[in-house]
Amino acid sequence: TREFDLPAALVFKAYTEPGLFEQWMSHEYGRTRMLKFEGHRHGSYHFQTVDAQENVLFEAHGTIHDLVPGQKITRTFEMSNGPFDVQLEFLEFEPLTGNTSRLTIHTVFRSAAQRDQLLKMPFAQGLNMAHNRLQNILNTLN
């Protein structure tokens with residue numbers, strides 16, 4: 001769960017507009033590029049992060065099972081060449097006030113062991129840093 005000083009519709013847009021997604025997911029170690037984004041029910045997505053020499057550092061893809069504009073995204077998430085099975089993610093975008101919102105991400109893993117393995121990685125720290133970038137980038141649009 002993460003609260004933003006941004007309207008829920010704008011946070012949703014950051015997850016569904018490829019150009020914005022690439023901005024907040026990029027970092028000092030690599031640039032993220034959205035290779036495919038079909039932002040509708042039964043659509044799909046594919047993105048990767050590359051270093052300055054265009055070496056792929058991270059790659060993920062999945063299927064969008066449901067998408068309600070401004071409210072929720074239900075999707076699978078699978079890391080390419082990673083040790084984890086596909087995950088099911090429920091993202092909910094909730095307005096708190098006109099200018100604040102809450103994003104709740106519920107992830108379902110194949111097993112508790114896979115969940116625990118992922119939590120040993122700096123995944124939560126990386127997602128928090130990415131969401132800080134999202135807040136900063138979208139502050140300029142708000």
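Glu59 sits in strand β4, which spans residues 56-68. The model is predicted.

**Exercise 1.** Determine whether Glu59 is buried or exposed, and identify the side chain with which its own side chain makes a polar contact.

*Solution.* Step 1: the relative accessibility of Glu59 is 18%. The cut-off for buried is under 20%, so Glu59 counts as buried. Step 2: leaving out residues up to four places away in sequence, Glu59 touches Leu35, His46, Phe47, Gln48, Glu78, Met79 and Ser80. Step 3: the side chain of Gln48 makes a polar contact with the side chain of Glu59, at 3.3 Å.

**Exercise 2.** State how far apart Glu59 and Leu96 are in sequence and in space.

*Solution.* In sequence the separation between Glu59 and Leu96 is 37 residues. From C-alpha to C-alpha the two are 33 Å apart.

**Exercise 3.** Find which residues of helix α2 (residues 18-25) are buried, and explain why they are on the same side of α2.

*Solution.* Step 1: the buried residues in α2 are Leu20, Phe21, Trp24 and Met25. Step 2: around the axis they cover an arc of only 120°, so they lie on the same side of α2. Step 3: with 3.6 residues a turn in an α-helix, residues three or four places apart point the same way.

Terms used
Residues are numbered from 1 along each chain as its sequence is written. This is a predicted model: local features need pLDDT of at least 70, side-chain atom pairs count only at pLDDT 80 or more; totals for chains, interfaces and linings use all residues. Side-chain values use heavy atoms; hydrogens and water are left out. Buried means under 20% relative accessible area, exposed over 50%, partly exposed in between (1.4 Å probe, protein chains only). Helices (H or I, at least four residues) and strands (E, at least two) are DSSP runs, numbered from the N terminus. The arc is that of the directions from the helix axis to the C-beta atoms. Contact means heavy atoms within 4.5 Å. A polar contact is a pair of N or O atoms within 3.5 Å; within protein, one must be able to donate a hydrogen and the other to accept it, and residues adjacent in sequence count only if both atoms are side-chain atoms.
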